[in-house]
Amino acid sequence: MPNLTPSSPLAPTPTQTPNNEEKSLNELPKARFWEAMDIFQWEGFWFEPNLIKAAITFRSNFQARDDDVLLASTMKTGTTWLKSLSLCIMQNKTHQKYEDDILTTQNPHFHVPTIESMIYSTKALQVKLYDTSTPHLLHTHLPYAVLPDSVKNSNCKIVYIARNPKDTLISMWHFSNSIMRKNQDPFALEKAVDCFCSGVDQYGPFFEHVVEYWQESQKRPQKILFIKYEELKTDPKVHVSKIAEFLGRPFEDEKEVDEVLWRCSLERLKNLDVNKSGSVLLNVPNTSFFRKGEVGDWKNYLTPDMEEQINQLSRVKFEPFGLFF
Ligand code: A3P
């Protein structure tokens with residue numbers, strides 16, 4: 001597993017700083033996220049400042065290969081699950097031996113790095129691609145519009161995972177509280193709902209993020225597979241097989257499907273030693289990626305008014321595009 005060196009197509013090269021593209025952050029609209037940190041609006045979406053720089057570098061420098069696979073999602077929509085499933089699928093074999101299971105060696109976010117926060121970020125970690133002799137398997141939370149041309153124009157495939165907005169919001173609320181408000185009361189849920197609905201949210205607006213990938217997947221179904229977390233939960237065999245076929249690695253038999261689903265099940269991943277401690281992403285404990293993984297958990301938290309606020313937005317933003325959750 002080689003380190004990213006300056007000669008790697010993924011590594012930021014100091015001479016290629018895209019100054020002509022890089023607007024001063026001060027010129028961008030700024031907002032306070034959860035009364036805790038500044039986020040900036042760039043290309044219609046809201047980001048932490050270091051992610052904007054990373055996104056610009058990614059867009060300028062990254063050369064996608066035709067056999068690369070890019071997983072994409074906004075936050076808390078099942079990224080960890082998709083990374084795990086895709087890793088198993090791309091390995092295209094199911095080892096019986098525990099030692100051969102890549103998921104037992106490191107957290108899925110180590111094996112499938114999120115490009116803007118783990119490779120091009122100023123806080124870059126020593127991420128190693130799992131094997132450069134095989135296709136790159138990478139991930140991004142960035143919106144479709146800002147992806148590099150080489151990703152859009154090559155044969156590199158994209159798998160996008162979406163989740164219903166109410167569960168996404170509740171998952172985000174738990175996650176952000178655990179990261180940003182350790183030893184404090186949780187952030188008021190009403191305010192979190194307002195942030196989410198106004199779009200002033202990390203990688204927000206959520207609805208536009210989902211719709212961009214959805215529309216692109218409708219235009220180019222060979223290029224982008226759009227899957228829903230809920231479908232994967234209710235009909236896992238069908239949908240994981242769809243992913244495998246899309247990636248050109250169809251399962252040979254049902255046993256293989258069952259094996260991959262078992263390896264990637266929430267209960268199993270949560271209880272692997274590599275996920276019970278440590279941190280692949282700075283300040284983000286590996287444990288924080290695994291919670292309940294239920295569809296409809298929002299019912300335990302949202303008031304009818306909050307529910308209606310989000311439903312109303314879903315009707316306006318999703319339904320015209322034929323998107324339903
Ligand atoms: P909940 O907070 O609703 O439990 P992401 O990976 O994009 O950060 O999304 C996190 C959500 O996916 C969390 O949802 C988490 O519990 C769930 N999740 C993580 N691993 C999963 C898996 N293997 N299967 C199903 N859901 C999973």
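Modeller: What follows takes the salt bridges pair by pair, then turns to the nonpolar core and a hairpin for context. The model is predicted, and a search of the whole structure gives 18 salt bridges. As background, side chains of opposite charge can pair when their charged atoms come close.

Take Glu254 and Lys237 to begin with. Their closest N and O atoms are 2.7 Å apart. This pair links distant parts of the chain, with Glu254 in helix α11 (residues 254-263) and Lys237 in helix α10 (residues 236-246), 17 residues apart. Lys237 counts as partly exposed because its relative accessibility is 35%, and the band for that class runs between 20% and 50%.

The bridge between Asp273 and Lys276 has its closest N and O atoms 3.9 Å apart, where the cut-off is 4 Å. Both residues belong to helix α13 (residues 273-276) and are three residues apart, about one turn of the helix. Asp273 has 58% relative accessibility and therefore counts as exposed. Lys276 has a relative accessible area of 45%, so this residue is partly exposed.

Asp297 pairs with Arg291, and here the closest N and O atoms are 2.7 Å apart. Asp297 is buried because its relative accessible area is 3%. For Arg291 the value is 29%, which means that this residue is partly exposed. Elsewhere, salt bridges with shared partners join Asp101, Glu259, Arg263 and Arg268 into one network.

In soluble globular proteins, nonpolar side chains tend to be buried together. The largest nonpolar core in this model has 103 residues, and Leu147, Ile158 and Leu302 have the most contacts inside it. Helix α2 (residues 79-91) gives the most to this core, with seven residues. Leaving aside residues up to four places away in sequence, Leu302 touches Lys166, Leu169, Ile170, Leu189, Val193, Glu307 and Ile310.

Strand β1 (residues 30-33) has Ala31 and Phe33 on its covered face, while Lys30 and Arg32 are on the uncovered one. Strand β2 (residues 37-42) pairs with β1 in the antiparallel sense over four bridges. Lys30 has Phe40 as its bridge partner in β2. Three residues lie between the two strands of this hairpin, and Trp34 in the turn has a positive phi of about 55°.

How values were computed. Residues are numbered from 1 along each chain as its sequence is written. This is a predicted model: local features need pLDDT of at least 70, side-chain atom pairs count only at pLDDT 80 or more; totals for chains, interfaces and linings use all residues. Side-chain values use heavy atoms; hydrogens and water are left out. A salt bridge is a side-chain nitrogen of Lys or Arg within 4 Å of a carboxyl oxygen of Asp or Glu. Buried means under 20% relative accessible area, exposed over 50%, partly exposed in between (1.4 Å probe, protein chains only). A nonpolar core is a set of buried Ala, Val, Leu, Ile, Met, Phe, Trp, Tyr and Cys residues joined through side-chain atoms within 4.5 Å. Contact means heavy atoms within 4.5 Å. Two strands pair if DSSP finds at least two bridges between them.
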